[in-house]
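Hi,

Here is the structure I promised to pass on. Have a look at it first, and then read on for what turned up.

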Amino acid sequence: MRIQHQANPGIELTARQRETAERLVAGWMPDRTESTTAVDRTIDQILASLGVLTVRAGCFRLLALGLLPAPAASLDLDPVTRTVWEALPWDIHDVDLVPTIAAGLTTYDSQLRSAGAVDNILDRLAQRYATSRLGLIRAGFAHGVLSADQSVAPPAHGFAAATRPGTGAWDASPAHRRVLALRASGRDVAACARADGTTVDAVTGRLSAAKRMAGGVRTHRALIHRALCDGVLQRPALQRDTDPPQQKLAVWRHFALDVPDNALISRIATHTGLGMSVVERFVRDLRTRYRDDCAVIHEGWRHNVLNADTPTDLTCCTAPDLSTAVPGGAR
C-alpha cells in the first residue's frame, strides 16, 4: 500500500511521514500520552499538510488522495448504521464525535438515538471487521460507505472547527488548534488533556505557546478571543438569544479583558460604571451558565455580543481602589 502521489501532486510526504500515514490508514491507533515527541510531531505535520485537526479526518483525506484499499462487496446496512459510519471522519474532537453524531440523528423506528447507541454501533462495526475505529474509515472506503467526494465537516455542529493551515494569522499547528478548540468548548486543562489523549504538561505548553502567538496575552479568556478574531478558530454561527438585560450585555462585552481573574470584576466595573455587586452577579451568572470563562467568550461570539472589534486591552482606565468601592452602588 503506497501513496499515489499523482492523485494529488500538491501533497508531498517525507519517508517518515509516509510510513506513519500508512500505519494510520491501516488502523493503527496512536497513544498520544505514551508516544514520543517525534511521533506526535510527524502526525501533526501530516495533519497540517492535509488541513485537518483530527487523525480520523486525516485518514479520510489520505484515502481520498490515493491510499485507497481494494474495492470490496457493497454492504446492505440499515440507515442508522450507515449514517453513523459516514459521520466517522468528521473533523471534530474525538471526545465530541459520538455526542455530535447522536444529536444529529433523526429518529429511526421511533427510537431516539443516544450516545450509547452510537458507541454500540461503532463497536459492533469494529468487531465485525477486526479493526479499530480508525481502521473503519479504510473499511468504509472499501465497502462503498465512504467516498472521496464526501466532506470531513459535519452539516452543523456547535464546536470550534478546524481551519486550514494558513487561513489564520498565527503559525499554529494542529496540536495548538486542537487545544484552543477544546478550551473554547469549556473544558479545563485537565479535561483538554484527556480529550486530546495527551498530558496536562503538553496542553499547558501548547497554550503558553499560543499566548505568544497571540501577541503575548496573559489569560485564556483573551487567548480564545484573539484566536477567534484572527481566524485561528472558526467563528461560531450566529444565534439569536433572548434579549438579556443591558447591564448583563455590558458585562459580557468586557469579559475578554486581558487581566487576572481576581481583577476582572473590578476592571469591568471601572469601564462600565456599574456597581461591583452588579458586575459580580452577572459574571457569576455567565460562569454558571457556560461553566468556564473560555466558553463564555466563545458563546459571546455565537450571540454576537463579542466580535473582532472587542478589545482585550483598555489601557485608558486603571483598576479601581477596592478599598473605596461601594458594593452594589453605581460608580
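To start with one side chain: is F60 buried or exposed? F60 counts as buried, because its relative accessibility is 2%. Bear in mind throughout that this is a predicted model.

**Aromatic pairs**

Searching the whole structure turns up three aromatic pairs.

W85 is buried, with a relative accessible area of 0%, whereas Y129 is partly exposed at 22%.

**Charges over rings**

R23 has its charged end over the ring of W28, 3.9 Å from the centre. R281 lies over the face of F282, and there the distance to the ring centre is 4.6 Å.

**Salt bridges**

The count of salt bridges comes to 13. One of them joins R187 to D96, with 2.4 Å between the closest N and O atoms. It links distant parts of the chain: R187 is in the loop between α8 (174-184) and α9 (189-196), D96 is in helix α5 (residues 94-104), and the two are 91 residues apart. Both R187 and D96 are buried.

D196 and R206 form another salt bridge, their closest N and O atoms being 3.3 Å apart. D196 lies in helix α9 and R206 in helix α10 (residues 200-213), so the bridge ties together parts that are 10 residues apart in sequence. Both ends are out of the way here as well: D196 counts as buried at 12% relative accessibility, and R206 counts as buried at 14%.

Then there is D261 with R221, a salt bridge of 3.3 Å from N to O. Since D261 is in helix α13 (residues 261-272) and R221 in helix α11 (residues 220-229), this one ties together parts 40 residues apart in sequence. R221 is buried, with a relative accessible area of 2%. Through shared partners, salt bridges also join D44, R178, D196 and R206 into one network.

**Nonpolar cores**

Which residues touch the most other members of the largest nonpolar core? Of its 50 residues, they are W170, L180, L223, I224, L233, F255 and I297. The elements that give two or more residues to this core include α8, α9, α10, α11 and α12 (246-253), along with α13, α14 (276-290) and α15 (293-302). Helix α14 provides the largest share, seven residues.

A second, separate core has 43 residues, among them L50, W85, I92 and V145.

Cheers

Note on methods:
Residues numbered from 1 in each chain as written. Predicted model: local features only at pLDDT ≥ 70, side-chain atom pairs only at ≥ 80, totals over all residues. Heavy atoms only, no water. Phe/Tyr/Trp six-rings, centres within 6.5 Å; stacked < 30°, edge-to-face > 60°. Buried < 20%, exposed > 50% of the residue type's maximum accessible area, 1.4 Å probe, protein only. Lys NZ or Arg CZ within 6 Å of the ring centre and 35° of its normal. Salt bridge = Lys/Arg side-chain N within 4 Å of Asp/Glu carboxyl O. Helix = DSSP H or I, 4+ residues; strand = E, 2+ residues; numbered from the N terminus. Core = buried A, V, L, I, M, F, W, Y, C linked by side-chain atoms within 4.5 Å.
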